[in-house]
Amino acid sequence: MPLPSTPIRPEHQDRAITEFLHQLEEGRGVSPNTLRNYRQALLEFKATVPDKSWWELKPADFKAYLYRLARAQQLGPSTVRLRFAALRTFYKLAVREGKMKLNPVSDLSLPKLPRRLPVFLNQEQITALLDAPRKLWTMEEKRQAAGAKKDRRSGQNWQMLRDIAWLELFYSAGLRLSELVKVRRTNLDLTQGTVRVIGKGRKERLCPLGNPAIRALEAYLDACPFDNDALFVSAQGQQLNGRTVQLALKRYLAAAGLDAKLTPHKLRHTFATHLLDHGADLRSVQELLGHSQLTTTQIYTSVSVERLKRVYDRAHPRA
């Protein structure tokens, strides 16, 4: 939701913002979505103090802005925190480069986020989802055959095998959607059973693969008619994009009798929760997920504890 603010004049789209975003993109490999959000947040803030330089602003200016956000429209805590994440990162870099002595945003007290446990699928649900591509494509083939429109270009439905493979890879390695679509064939070592993943900030990690994922990937690669570097490709041989994966996932969720609104990230939640439920230690899960902070991973222990509490309440005679 846009904030009511002074219109952003061209002179306020200054070099400081441009250089900051360039440094994030080139030096840290920040995603295009984050760059876009940070740019908008910085421009919106600067429009509220049009007559001041970035380097002469004081903590009081940011407190006034925080108060303005609180009074403006009904912005949630996450929206407010996103705006200040951009400002904090901007000034953190400025301090590092000697443009400022202190970060004027660092000590602000921001609204707390409500504690929400990650949504995940149970074992039966994830099995149904992983089986959904074969079920859906088989139904489609029968429908086409009945209408005498069967596609005979290939002896195997390689696109079905592709979708089975990316679903298995999602669950087996706990990838983010952005990581999944960027996997190259050269990142796979199916003999060793690993995939090399380029995560946030261009950090690399090596993820082990389960046998079902390895078999699914082998079947897809054997059937795929294209031989380019991208692992998952479209019917035209181009790298599969995130939106295509999202739409396909919705169809498979519906086919499995699950909520079609569940996002690809829920498969990552499922991966982490199932590992912890089956005895994995928190540090290992942190490494596998590519989290830089252990506190980010700890939310999944809460999921497991909450699930155990529900089981206890249902089963114990004196719960």
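Strand 1 and strand 2 form a hairpin in which four residues lie between the two strands, and Gly193 in the turn has a positive phi of about 75°. This description rests on a predicted model. Strand 1 (residues 188-189) runs antiparallel to strand 2 (residues 194-198), and two bridges join them; within this pairing, Leu188 has Val195 in strand 2 as its bridge partner.

Strand 2 also takes part in a hairpin with strand 3, here with five residues between the strands and with Gly201 in the turn, where phi is positive at about 65°. Five bridges join strand 2 to strand 3 (residues 204-208), and these strands run antiparallel, with Thr194 standing opposite Pro208 in strand 3. The two hairpins are set out below.

| Hairpin | Residues between strands | Turn glycine and its phi |
|---|---|---|
| Strand 1 and strand 2 | four residues | Gly193, about 75° |
| Strand 2 and strand 3 | five residues | Gly201, about 65° |

Two packed helices are described by the angle between their axes and the distance between the axes. For helix 3 (residues 59-71) and helix 4 (residues 77-96), the packing angle is about 165° and the axes are 11 Å apart. Angles over 145 degrees count as roughly antiparallel, and helix 3 and helix 4 are therefore roughly antiparallel to each other. Helix 3 passes helix 4 in a right-handed crossing.

Which residues of helix 3 and helix 4 meet? From helix 3 come Phe62, Tyr65, Leu66 and Leu69, and they meet Val80, Arg83, Phe84, Leu87 and Tyr91 in helix 4. By class, this contact of helix 3 with helix 4 has eight nonpolar residues, one charged residue and no polar residues.

Terms used. Residues are numbered from 1 along each chain as its sequence is written. This is a predicted model: local features need pLDDT of at least 70, side-chain atom pairs count only at pLDDT 80 or more; totals for chains, interfaces and linings use all residues. Side-chain values use heavy atoms; hydrogens and water are left out. Axes are lines fitted to C-alpha atoms, for helices over the stretch in contact, and angles run from 0 to 180 degrees between N-to-C directions. Angles under 35 degrees count as roughly parallel, over 145 as roughly antiparallel, 65 to 115 as roughly perpendicular and the rest as oblique. A crossing is left-handed if the near helix is turned anticlockwise from the far one by less than a right angle, and right-handed if clockwise. Contact means heavy atoms within 4.5 Å. Ala, Val, Leu, Ile, Met, Phe, Trp, Tyr, Cys and Pro count as nonpolar, Asp, Glu, Lys and Arg as charged, and the others, Gly among them, as polar. Two strands pair if DSSP finds at least two bridges between them.
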